[in-house]
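Trainee: Could you take me through one part of this model in detail? I would like a close look at the place where the two chains meet, and at the side-chain pairs that go with it.

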Number of protein chains: 2
Amino acid sequence: MAELTVFHIPVCPFCQRLEILLSLKGRRDDVTFSVIDITQPRPDWLLAKARGTTALPILENADGQVIKESLVILQYLEDLYPKPGVAQRDPYRRAVENMLTQMEAQFCAQGYTYVMNQDLERRDALREGMLKQYARLNDFLVEHAPSGPFLYEDFGWAETLFTPLFMRFWFLEYYEDFQLPKGDQYARVREWRDASISHPAAQQVTKEQIVKLYYDYAKGAGKGMLLPGRRRSSFAFEPHWRARPWPPKAKYEYAATDEELGL
Amino acid sequence: MAELTVFHIPVCPFCQRLEILLSLKGRRDDVTFSVIDITQPRPDWLLAKARGTTALPILENADGQVIKESLVILQYLEDLYPKPGVAQRDPYRRAVENMLTQMEAQFCAQGYTYVMNQDLERRDALREGMLKQYARLNDFLVEHAPSGPFLYEDFGWAETLFTPLFMRFWFLEYYEDFQLPKGDQYARVREWRDASISHPAAQQVTKEQIVKLYYDYAKGAGKGMLLPGRRRSSFAFEPHWRARPWPPKAKYEYAATDEELGL
């Protein structure tokens, strides 16, 4: 039996980070991943573990100690299973990696704000904001890692953090027709994104899965909340997402019913 | 000559963190601190170093490599001068420390939003928000470090991060009459704050200095910006803050002139 348990929600990007890190270390089977249904109220035993907070993932070790926040859990796993190291060890290389890591929160917030937007008039500004985030990453990579594809020799700490977001942002391609424009301004970040998405350690989710489960996000309802007129969340466990049709792309013009979504 | 140079603004809390960490390591003299006057436009040579961004502090090493973001610089210094270690090394202890560290950004944002507020009607809500932040820290410390005063045996990584904020929030005591209420709900965080503020490694600034330099923040003008009718910023280097009178406390009712502020 695994000594560590992670409680998470389906296709949570912050949880996928943990799976990627463990895969890179050959330690995926050392941790039990327990899926929480966010379309239901949190069970009392989970709230007790997390001391009342509802954010996931949380990790519990064999001593019953609980750790929250995906970046904190990642560092814990890196320290617990130091070989092979995924984070850089040299002080300056680590600092560069950490500067890139610091850009993740804004990148994430921009993508989620964009997909959840319901105001057609804000759409262009959100697209511009997203492009700025990519341009910032591009600039950083051109400065610190011009030869690519990764920040350093291999898929590492920064890729572990960003790849689940690159994958979630498939919802922007589908629901917002967002594409990185061709050209030099985004060439380096595109190379980084594409190499990261293709890496064998990061194949926990698919585009189809993301697009189908995040339909409610695209209509403005996050974290398993129910939209008006709907009785089931797109994050519901049943029916399985494979058995559902692809949702309508026209998020600004149309609201699909449970039936149309195969729920 | 020092091999490392930090460029920072006067009484910047993020820079004080670096000074505290270096003091704990007996390395304060290994780094040159170069003060930037934020009441003036950033010099071109500094913008070039920081690749166009204006956020400070930045650190430059002997090879001309530039590191931004105070948490990244702190980790760089911790790695460069590993003994004595300030951050925890045991994986779980480090995770607890990192969970506390993760609470710093919201704590900081709340305090700065509060001091910069100009709307009397928002004042109570901002006070409540600040108290919630302290209650959250209190709860965390009661869970993980009930015996105190610090998170672990000594003033460490978490204290290095939070102490400069505890000290900046003297501006809340002065301009907002904000005090932590007596009683159990805040007892543990008060003990932590008071022990941290008193630590010999953290004596780079005084209450008088904070209150005088942050007058413009209390009137809503951050980062060296000029208030209407004023010709000098309270962050000006001259006259020295010691030579100036204490500013008026009544921030909602009154706007002091340069002359009244001794500028």
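Mentor: Happy to, and we will start with the interface and then move on to pairs within the chains.

First, some ground rules. This is a predicted model, so local features need pLDDT of at least 70 and side-chain atom pairs count only at pLDDT 80 or more, while totals for chains, interfaces and linings use all residues. Residues are numbered from 1 along each chain as its sequence is written, chains are lettered from A and ligands numbered from 1 in the order in which they are written, and side-chain values use heavy atoms, with hydrogens and water left out.

Now the interface. In chain A, 22 residues are in contact with 22 residues of chain B, where contact means heavy atoms within 4.5 Å. The two chains bury about 2,100 Å² between them, 60% of it on carbon and sulfur atoms. Buried area here is the accessible area (1.4 Å probe) that two parts lose on being put together, summed over both.

Six salt bridges cross between chain A and chain B; a salt bridge is a side-chain nitrogen of Lys or Arg within 4 Å of a carboxyl oxygen of Asp or Glu. Arg51(B) forms a salt bridge with Asp139(A), with the closest N and O atoms 2.7 Å apart. Asp139(B) forms one with Arg51(A), and there too the closest N and O atoms are 2.7 Å apart. This second pair runs from helix α6 (residues 123-144) of chain B to the loop between α2 (44-49) and β3 (58-60) of chain A. Helices (H or I, at least four residues) and strands (E, at least two) are DSSP runs, numbered from the N terminus. Asp139(B) counts as partly exposed at 38% relative accessibility, and Arg51(A) is partly exposed with a relative accessible area of 38%. For these words, buried means under 20% relative accessible area, exposed over 50%, and partly exposed in between (1.4 Å probe, protein chains only).

Look next at α3(A), where eight of the 11 residues are buried. Among them are Ile73(A), Tyr76(A) and Glu78(A).

Salt bridges also form within a chain. Glu173(A) and Lys207(A) meet in one at 3.0 Å, N to O. Glu173(A) sits in helix α8 (residues 170-176) and Lys207(A) in helix α10 (residues 207-213) of chain A, so the pair ties together parts that are 34 residues apart in sequence. In chain B, Glu208(B) bridges to Lys212(B), with the closest N and O atoms 2.6 Å apart. These two are four residues apart in helix α10 (residues 207-213) of chain B, and so are separated by about one helical turn. Glu208(B) is partly exposed at 26% relative accessibility, whereas Lys212(B) is buried at 3%. Over all chains, the search finds 38 salt bridges.

Finally, the rings. There are 48 aromatic pairs over all chains: rings of Phe, Tyr and Trp (its six-membered ring) pair if their centres lie within 6.5 Å, and planes under 30 degrees apart count as stacked, over 60 as edge-to-face and the rest as tilted. Phe107(A) and Tyr134(A) make an edge-to-face pair, 5.1 Å centre to centre with 85° between the planes.
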